[in-house]
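Hello,

Here is the structure we talked about handing over. Please open it next to this email and follow along.

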Amino acid sequence: MKIKILIVGVLSAFILAACTNTSKQENQDTNLKQTNINMEQKTINLTKAEFLTKVANYEQSPDKWEYLGDKPCLIDFYADWCGPCKMVAPILEELAAEYEGEIYIYKVDTEAEQELAGAFGIRSIPSILFCPMGEQPQMAQGALPKDGFKQAIDEVLLKKN
């Protein structure tokens with residue numbers, strides 16, 4: 001009888017240890033996946049404060065557009081609940097990788113940055129602001145296909161014809 005209790009106790013300890021190790025491994029796998037996702041993300045989320053220093057300080061110069069970046073940018077005004085925005089997001093990630101070093105691709109969450117969205121008159125999303133160097137920005141509304149984004153980037157931002 002004592003041997004059976006001992007065997008049951010030992011087996012129980014192994015089962016608990018196996019469950020604990022599996023749980024730890026799953027947590028490590030989840031953390032690794034999250035790290036890889038963050039490393040792969042090429043678009044840059046902007047707050048209002050970052051927008052004012054990286055894109056344009058519209059508070060300081062409300063009557064004059066002056067782009068502050070060192071290379072052209074595209075700004076995606078989006079919301080997490082927006083279906084078309086979710087369709088555009090992976091396209092923008094691909095484009096950020098393809099055009100790395102040539103342009104910035106920024107994202108502004110209109111729910112979190114309502115004042116910033118209001119300053120640019122964002123009434124529908126996604127709205128995409130194209131900011132070329134030394135020129136006025138151009139706004140596009142709605143989800144564009146990847147080819148449409150590439151054409152706009154090449155023609156408006158990079159002046160490739």
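Which side chain makes a polar contact with the side chain of Asp76? The partner is Lys107, and the distance is 2.8 Å. Keep in mind that this is a predicted model.

Asp76 is found in strand 2. Lys107 is found in strand 3. Asp76 is buried, with a relative accessible area of 0%. Lys107 counts as buried too, at 9% relative accessibility.

Their surroundings are worth a click. Leaving out residues up to four places away in sequence, Asp76 touches Leu92, Tyr106, Lys107, Val108, Pro126, Ser127 and Ile128. On the same terms, Lys107 touches Thr43, Ile44, Asn45, Leu46, Asp76, Tyr78, Ala89 and Leu92.

In what order do the five strands of the open sheet run? The order is 1-3-2-4-5, and the pairing is mixed. Strand 1 (44–45) and strand 5 are the edge strands, and each pairs on one side only.

Strand 4 has two partners to inspect. With strand 2 it pairs in the antiparallel sense, over five bridges. Cys73 stands opposite Cys131 in strand 4, and Leu74 stands opposite Phe130. With strand 5 (residues 138–141), strand 4 also runs antiparallel, and four bridges join the two. Here Ser127 stands opposite Gln141. The hairpin of strand 4 and strand 5 has six residues between the strands. In that hairpin, Gly134 takes a positive phi near 70°.

Is strand 4 mostly covered or mostly open? Strand 4 is mostly covered, with five of its five residues buried. In a regular strand, side chains alternate between the two faces of the sheet. Both faces of strand 4 are covered. Ser127, Leu129 and Cys131 are buried on one side, and Ile128 and Phe130 are buried on the other.

**The cores**

Nonpolar side chains tend to be buried together in soluble globular proteins. The largest nonpolar core here has 18 residues. Phe51, Val55, Trp65, Ile75, Phe77 and Cys131 touch the most other members. Helix 2, strand 2, strand 3 (104–109), helix 4 and strand 4 each give two or more residues to this core. Strand 2 supplies the largest share, three residues.

Setting aside residues up to four places away in sequence, Phe77 touches Val108, Thr110, Leu116, Ala117, Phe120, Ile122, Ile125, Pro126, Ser127 and Leu129. Another core, of 17 residues, lies apart from the largest one. Its members include Ile91, Ile103, Ile105 and Ile153.

**The aromatic rings**

How many aromatic pairs does a search of the whole structure find? It finds six. One of them is Trp65 with Phe120, an edge-to-face pair. The rings are 6.3 Å apart centre to centre, with 85° between the planes. This pair links distant parts of the chain, 55 residues apart. Trp65 is in the loop between helix 2 (48–54) and strand 2 (73–78). Phe120 is in the loop between helix 4 (114–119) and strand 4 (127–131).

The two partners fall on either side of the 20% cut-off for burial. Trp65 is buried because its relative accessible area is 18%. Phe120 counts as partly exposed because its relative accessibility is 21%.

A second pair, Tyr104 with Tyr106, is stacked. Tyr106 is buried, with a relative accessible area of 3%. Tyr104 has a charge over its face: Lys71 lies there, at 4.6 Å from the ring centre.

Together with Phe51, Tyr58 and Phe77 they form one aromatic cluster.

Best wishes

Conventions. Residues numbered from 1 in each chain as written. Predicted model: local features only at pLDDT ≥ 70, side-chain atom pairs only at ≥ 80, totals over all residues. Heavy atoms only, no water. Phe/Tyr/Trp six-rings, centres within 6.5 Å; stacked < 30°, edge-to-face > 60°. Buried < 20%, exposed > 50% of the residue type's maximum accessible area, 1.4 Å probe, protein only. Lys NZ or Arg CZ within 6 Å of the ring centre and 35° of its normal. Pairing = 2+ DSSP bridges. Core = buried A, V, L, I, M, F, W, Y, C linked by side-chain atoms within 4.5 Å. Contact = heavy atoms within 4.5 Å. Polar contact = N/O pair within 3.5 Å; in protein donor to acceptor, adjacent residues only side chain to side chain.
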